[in-house]
Amino acid sequence: MRGVVDPELGASLVDLGMYRGARIGPDGAVTVEVALTTAGCPLRAQIAGDVKGRVGSLPGVTSVEVQTVEMSSQQKKELMARARARAAEQPVATEVPARTRVLAVSSGKGGVGKSSVTVNLAAALAGRGLTIGLLDADIAGFSVPRMLGVDGELVATAGPDGRPRIEPLVKPVGEGVVRVVSMGFLSPEHEAIMWRGQMLNRGVQHFLEEVAWGDLDYLLVDMPPGTGDIQMGLARMLPRAEMLIVTTPALAAQKVAARAADMARKGYLRVAGVIENMSGFVCDHGTRYDLFGAGGGARLAEEIGAPLLASIPLQPEVSAGGDSGRPAALGDGDAASAFKELADAVVDVAPVVDVTDCTARMLDGIRRQLDGAGPPGQA
Ligand SMILES: Nc1ncnc2c1ncn2[C@@H]1O[C@H](COP(=O)(O)OP(=O)(O)O)[C@@H](O)[C@H]1O
Ligand SMILES: [Mg+2]
């Protein structure tokens with residue numbers, strides 16, 4: 001439950017006291033009780049969906065029911081006090097807006113197409129008019145700049161509070177936009193980056209804290225292969241992040257990917273879905289060749305209890321697009337339609353909401369108090 005975050009207050013339901021407890025039946029049926037500020041809270045569906053996603057992916061859970069109750073005015077006061085204390089304690093929060101869905105594209109090993117999937121998914125989502133952030137967290141093995149066809153240098157300026165602020169580079173796609181940061185914008189492509197675990201992690205932390213992301217619908221994170229420091233660091237810095245696990249159809253890849261999913265669970269990151277990449281190649285005559293086997297995505301999805309969001313065919317357009325910086329998702333062809341399907345599925349399992357009402361007014365009140373209006377301790 002620590003991973004379920006109130007999209008407005010940006011803190012976990014546990015820390016905010018909105019989580020009231022759970023009953024676990026002998027058959028694995030779980031009922032979770034959540035207290036909301038108002039019964040008609042427009043975020044109710046999202047919060048309930050997140051609870052179901054997190055709890056439902058735990059081993060042994062057969063069903064999840066979410067019961068909501070309305071807070072008393074005393075409880076609302078306490079909630080505000082907690083949110084205020086938290087905001088005061090953590091002046092250096094990430095620059096990622098609380099309502100943004102954070103999706104980390106991961107796999108157990110390299111070369112399965114994480115970066116290709118991330119870049120094409122970003123392009124497909126932006127093509128729907130959405131605002132997408134793309135954080136290349138593969139600090140040492142960055143490939144996003146070339147694949148997305150974005151070139152330039154990141155420039156840091158001193159923000160109003162004296163802290164550095166980095167402007168992301170921008171790639172407009174149709175009505176939407178992709179804002180992107182990568183080590184590739186700081187270091188020439190041929191220069192090897194020899195940083196060790198903790199330093200790599202600091203790199204990602206800088207990107208989260210100092211980049212002026214602005215309002216984003218989705219933040220996609222292109223993860224390095226494996227289950228190391230960066231994954232743990234992301235879980236700590238952005239506990240609401242969810243994983244998209246990429247696997248190839250081969251049995252061996254699926255086993256490795258399952259380990260990544262397992263680590264996601266231990267780090268309390270929810271797996272939002274599985275993406276099978278490099279599945280059947282269809283030649284010009286329409287014959288399908290399962291070059292890397294078949295069914296790995298479906299098997300993995302079943303094993304970890306997450307939906308299979310899409311199968312991306314093995315197509316030369318994908319690798320050619322990656323080399324030329326024109327993502328295949330923006331063309332037409334089998335790969336483009338598969339990436340569009342993937343974008344639809346992502347919007348479905350991880351919808352973004354408009355934060356307009358609900359606790360928004362309470363949050364404004366908290367901000368005003370933080371700005372020095374009211375005495376501390378008074379809600
Ligand atoms: N669906 C696909 N069809 C054809 N080539 C692909 C596909 N997905 C990835 N590739 C190619 O495979 C290689 C590895 O992909 P990449 O996205 O860099 O993997 P990762 O980020 O997991 O290491 C790249 O050369 C890429 O162009
Ligand atoms: Mg990669």
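**Note on the predicted model**

1. Methionine 278 is buried, as 26 other C-beta atoms lie within 10 Å; a residue is buried if 20 or more other C-beta atoms, placed from the backbone, lie within 10 Å of its own, exposed if 12 or fewer, and partly exposed in between. Methionine 278 belongs to strand 12, and its phi is near 60 degrees, a positive value in a residue other than glycine.

2. This is a predicted model, in which local features need pLDDT of at least 70 and side-chain atom pairs count only at pLDDT 80 or more, while totals for chains, interfaces and linings use all residues. Residues are numbered from 1 along each chain as its sequence is written, and chains are lettered from A and ligands numbered from 1 in the order in which they are written.

3. The chain has 11 helices and 15 strands; these are DSSP runs numbered from the N terminus, helices being H or I of at least four residues and strands E of at least two. Of its 379 residues, 44% count as buried.

4. The axes of helix 3 (residues 114-126) and helix 10 (residues 334-349) come within 9 Å and cross at roughly 70 degrees; axes are lines fitted to C-alpha atoms, for helices over the stretch in contact, and angles run from 0 to 180 degrees between N-to-C directions. Helix 3 is therefore roughly perpendicular to helix 10, a term for angles of 65 to 115 degrees, with under 35 counting as roughly parallel, over 145 as roughly antiparallel and the rest as oblique.

5. Helix 3 contributes Asn120, Leu121, Ala124 and Leu125 to this contact, and helix 10 contributes Phe339, Lys340, Leu342, Ala343 and Val346; two residues are in contact if their C-beta atoms, placed from the backbone, lie within 7 Å. The contact residues comprise seven nonpolar, one polar and one charged. Here Ala, Val, Leu, Ile, Met, Phe, Trp, Tyr, Cys and Pro count as nonpolar, Asp, Glu, Lys and Arg as charged, and the others, Gly among them, as polar.

6. Helix 3 is mostly covered, with 13 of its 13 residues buried. Helix 3 also supplies at least two residues of the shell around ligand 1, as do strand 12 (270-279) and helix 9 (316-324) each.

7. Of the 17 residues around ligand 1, Gly113, Lys114, Ser115, Ser116 and Ser319 come nearest; a residue is near a molecule if its C-beta atom, placed from the backbone, lies within 6 Å of it. The shell around ligand 1 has five nonpolar, 11 polar and one charged residues.

8. In helix 1 (residues 44-56), the buried residues include Gln46, Ile47 and Asp50. Strand 2 (29-36), strand 3 (63-70) and strand 12 are among the elements covering the buried residues of helix 1.

Technical notes: The expected span of a helix is 1.5 Å times one less than its number of residues.
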